[in-house]
Amino acid sequence: MLAGASGCSRQAQAVDSEEVTFESQTFRVVSVDLQREPLSLHWKDPESGQPYATIESLRQWGMAHDRRLLFAANAGIYDRQFAPLGLYVEDSRTVVPLNLFKGNPAAGNFSIQPNGVFAVYPDGHAAVRTSTDFKADARPARWATQSGPMLLVDGQINDRFVDDSSSLKWRSGVCAKTPRRVVFAVSESPVNFHTFARLFRDELGCRDALYLDGTISQFYVDGEGYAGAPTFMVKPYAGIFAVFTTAKP
C-alpha cells in the first residue's frame, strides 16, 4: 500500500489528468510537467525489435524494467505497413525522416496543410511547429513525431476547418502550453476538427496545437485506466508517448 501511495503521489506531481466539458462535449485532458518526469516515444522493443503495438504491451515492458507507466497515448498517423507516416525521432535517432508531401486532403488528414511536428529537445523543452517551420529551424530533437493537420497556428484555427462540419471522429491532439508543460487531449465522443481546435485555444489556452490521430486514439493514465475511443475501435499503434517513473509498481 505504501509503494502504491508513493507512486500516486509522484504521478500527481508529474501528470495531471482531468475530465473537461467544453461545448457540451467531454474530453480527457492530461498535462505533463517535463521538469518532474521526462516524456518519451516508443515504437519497437529494443531487445526483440518487435513493435509494442499496444499501450498494455508497453506497460508490461515497463514493469519488467522496474518502470511504472504513468501516462501513455498513441503518437502520430502511420501508414498501412504500421510505420510512422512522417518524422519519427526516438532518443535522438531519426527513424523516419520529415515528410513534406502535400497531397489532396481527401487522401488523409496528414496531408491537410499545414501539418506539423511535436518535438521534445535535448534541453527538455517541448514545442509544436508546422513541418516547414520545424525544417527551417534545423534544430535536432530528442523525441519527435509528425502528424497533421495543425489544429492551431499562432492562436489561429486552421482555416481548412469548417465550424459546423458533420465529420465527427474521436480525436486526440497535443500542445506545448509552455516549454516545460505539455498538454494532451482526447475526446470521449466524436467531434469535428473545429470544435477540437477551439478546445485547445479557448479552454486549454494553447497557441500552437497538433492533431495526433482519430477513431483509434486512447490515453492511459495510471490509476484511472483508459480514455478516448472505445476499445473495439483501437488498432495497433506505431509510436506511443509515455511518461515512466523509476518507482516500482
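**The disulfide and its surroundings**

Modeller: The link of Cys175 and Cys206 is left-handed, with -40 degrees about the S-S bond. This comes from a predicted model.

Colleague: What is the S to S distance in the disulfide that joins Cys175 to Cys206?

Modeller: A pair of cysteine sulfur atoms counts as a disulfide within 2.5 Å. By this rule the count comes to one disulfide. For Cys175 and Cys206, the S to S distance is 2.1 Å.

Colleague: How many residues apart in sequence are the parts that this pair ties together?

Modeller: Cys175 lies in strand E12 (residues 171-178), whereas Cys206 lies in the loop between H4 and strand E14 (209-214). The pair therefore ties together parts whose separation in sequence is 31 residues.

Colleague: Which residue caps the N-terminal end of H4?

Modeller: Helix H4 spans residues 193-203 and is mostly covered, with eight of its eleven residues buried. Among the buried residues are Phe193, His194, Phe196 and Phe200. At the N-terminal end, a side-chain oxygen lies 3.2 Å from the backbone nitrogen of His194, and the residue that supplies this oxygen is Asn192.

Colleague: Which residue takes a positive phi just after H4?

Modeller: The phi in question is about 70 degrees. The residue that takes this value is Gly205.

Colleague: How many residues of strand E17 are buried?

Modeller: From E17, Ile240, Ala242 and Phe244 point one way, while Phe241, Val243 and Thr245 point the other way. Residues on both sides are buried. For E17 (residues 240-245), the number buried is six of six.

Colleague: Which residue of E17 is the bridge partner of Leu41?

Modeller: Strand E3 (residues 39-42) and E17 run antiparallel and are joined by four bridges. Both faces of E3 are covered, with Leu39 and Leu41 buried on one side and Ser40 and His42 buried on the other. Leu39 stands opposite Val243. The bridge partner of Leu41 is Phe241.

Colleague: With which side chain does the side chain of Arg68 make a polar contact?

Modeller: Arg68 lies in strand E4, and six bridges join E4 to E17 in an antiparallel arrangement. There, Arg68 stands opposite Thr245. Arg68 counts as buried because its relative accessibility is 12%. The polar contact of its side chain, at 2.8 Å, is with Asp222.

Colleague: Which residue stands opposite Tyr88 in E9?

Modeller: Strand E5 (residues 88-90) and strand E9 (residues 143-147) run antiparallel and are joined by two bridges. The residue opposite Tyr88 is Thr145.

Colleague: How far apart in space are Gly86 and Phe118, C-alpha to C-alpha?

Modeller: Gly86 lies in the loop between strand E4 (68-74) and E5, and at 0% relative accessibility Gly86 counts as buried. Beyond its neighbours within four places in sequence, Gly86 is in contact with residues including Ile77, Val96, Phe110 and Gln146. Gly86 and Phe118 are 32 residues apart in sequence, and their C-alpha to C-alpha distance is 11 Å.

Colleague: How many residues are in the largest nonpolar core, and how many in the second, separate core?

Modeller: In the largest nonpolar core, Leu39, Phe71, Phe118, Phe184 and Phe241 touch the most other members. Leaving aside its neighbours within four places in sequence, Phe71 is in contact with residues including Val15, Val30, Phe184, Phe219 and Phe241. The second core includes Val20, Val29, Ile112 and Phe161. The largest core has 46 residues, and the second, separate core has 22.

Conventions: Residues numbered from 1 in each chain as written. Predicted model: local features only at pLDDT ≥ 70, side-chain atom pairs only at ≥ 80, totals over all residues. Heavy atoms only, no water. Buried < 20%, exposed > 50% of the residue type's maximum accessible area, 1.4 Å probe, protein only. Polar contact = N/O pair within 3.5 Å; in protein donor to acceptor, adjacent residues only side chain to side chain. Pairing = 2+ DSSP bridges. Core = buried A, V, L, I, M, F, W, Y, C linked by side-chain atoms within 4.5 Å. Contact = heavy atoms within 4.5 Å.
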